[in-house]
Amino acid sequence: MNLTNISANKAFGGWHKQYTHRSTSVNCDMRFAIFIPPQAVYSPVPVLYWLSGQHCTDENFMQKSGAMKIAAELGIAIVTADTSPRGDDVPNIEDENCGLGASFYVNATQAPWCRHYHMYDYVAHELPKLIETYFPVSNKRSISGHLMGGLGAFVIALNNPQRYASISAFSPIANPAECSWGQNAFSHYLGEDSQQWLQYDACHLIGNSQQKIPALVDMGTDDCAIAKQLNADTLLAAAKKNHYPLLLNKNIEHQHDYFFITSFIEKHIKFHAEHLNT
């Protein structure tokens, strides 16, 4: 593995480090970040994977969320992936919901996207294998994310429930097959057959899931996207119909910015710690 350390910073008794490597899933160089808590000196620690929203990178969550402090206290590593493949030969269009930084964590099937945009495989398989091979972590995993990344967290965990102890999300795009953000991205990446989109739709997956793992969602009531793009009520209804263990909170006057994430990230990491340590 051509794994290159590009930064290292001491934080809360542990280390925040960034790496680049050549990815076989997405056929380009990728960058990720890892926070290694101080407990990892003594024994392998569980991992929380974080997936960011459109046009973020591995840096936004680590630098803005305040998550490292509570992760250090609880002995949890955090891994943040980039939000898409990158590079001069990676296709892109001028569209905020498609292209560089907006992969929607799918395995694209349509040209020109299908050569590089296999972010589902990258996050679900390649990145965890790399992390568990080269870092002092266990094979206990949870996954979380924000907006597009909240959708990705649900899709990856619901499709691989045996691999994750818990799921959480902030303002996930829960029903992309029925909102313009998702429809735009999916038509590019997956084609016009909307039946193919359902494998990446959290509402469809949670409504049909047989193996259930604990799930937590936080939304903001003043989020301008909550009704037309996020479809929180549809997600909750699908979970209730299938008796899925989802707790969904609507937080008064919050939006979907990092002020919102920093307000509730400690709760989310404690939620994951409870299930990772059982």
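Is Glu-253 buried or exposed? In this predicted model, Glu-253 is exposed, with a relative accessible area of 61%. Glu-253 sits in the loop that links β9 (246-251) to α9 (258-276), and its backbone deserves a look as well: phi is near 70°, a positive value in a residue other than glycine. As background, most residues other than glycine have a negative phi, and most peptide bonds are trans.

The peptide bond leading from Ala-111 into Pro-112 is cis, with omega near 0°.

Let's move on to the helices. Two packed helices are described by the angle between their axes and the distance between the axes. For helix α3 (residues 119-134) and helix α4 (residues 148-159), the axes come within 11 Å and cross at roughly 60°. That angle makes α3 oblique to α4. The crossing of α3 and α4 is right-handed. On the α3 side, Tyr-120, Val-123 and Ala-124 make the contact, and on the α4 side Val-155, Ile-156 and Asn-159 meet them.

Now for the interior. In soluble globular proteins, nonpolar side chains tend to be buried together. Here the largest nonpolar core has 76 residues, and Ile-131, Ile-143, Phe-154 and Ile-167 touch the most other members. Leaving aside residues up to four places away in sequence, Ile-143 touches partners that include Leu-48, Tyr-49, Val-123, Ile-156, Tyr-164, Ile-167 and His-272.

Finally, the cysteines. How many disulfides does the structure hold? The count is zero. Take Cys-114: the closest cysteine sulfur, in Cys-98, is 13 Å from its own, so the two are too far apart for a bond. Cys-114 is partly exposed, at 29% relative accessible area. Cys-179 is in no disulfide either, and the nearest cysteine sulfur, belonging to Cys-203, is 9.6 Å away.

Definitions and conventions: Residues numbered from 1 in each chain as written. Predicted model: local features only at pLDDT ≥ 70, side-chain atom pairs only at ≥ 80, totals over all residues. Heavy atoms only, no water. Core = buried A, V, L, I, M, F, W, Y, C linked by side-chain atoms within 4.5 Å. Buried < 20%, exposed > 50% of the residue type's maximum accessible area, 1.4 Å probe, protein only. Contact = heavy atoms within 4.5 Å. Disulfide = S-S within 2.5 Å. Axes fitted to C-alpha atoms, helices over the stretch in contact; angles between N-to-C directions. Helix = DSSP H or I, 4+ residues; strand = E, 2+ residues; numbered from the N terminus. Parallel < 35°, antiparallel > 145°, perpendicular 65-115°, else oblique. Left-handed = near helix turned anticlockwise from the far one by under 90°.
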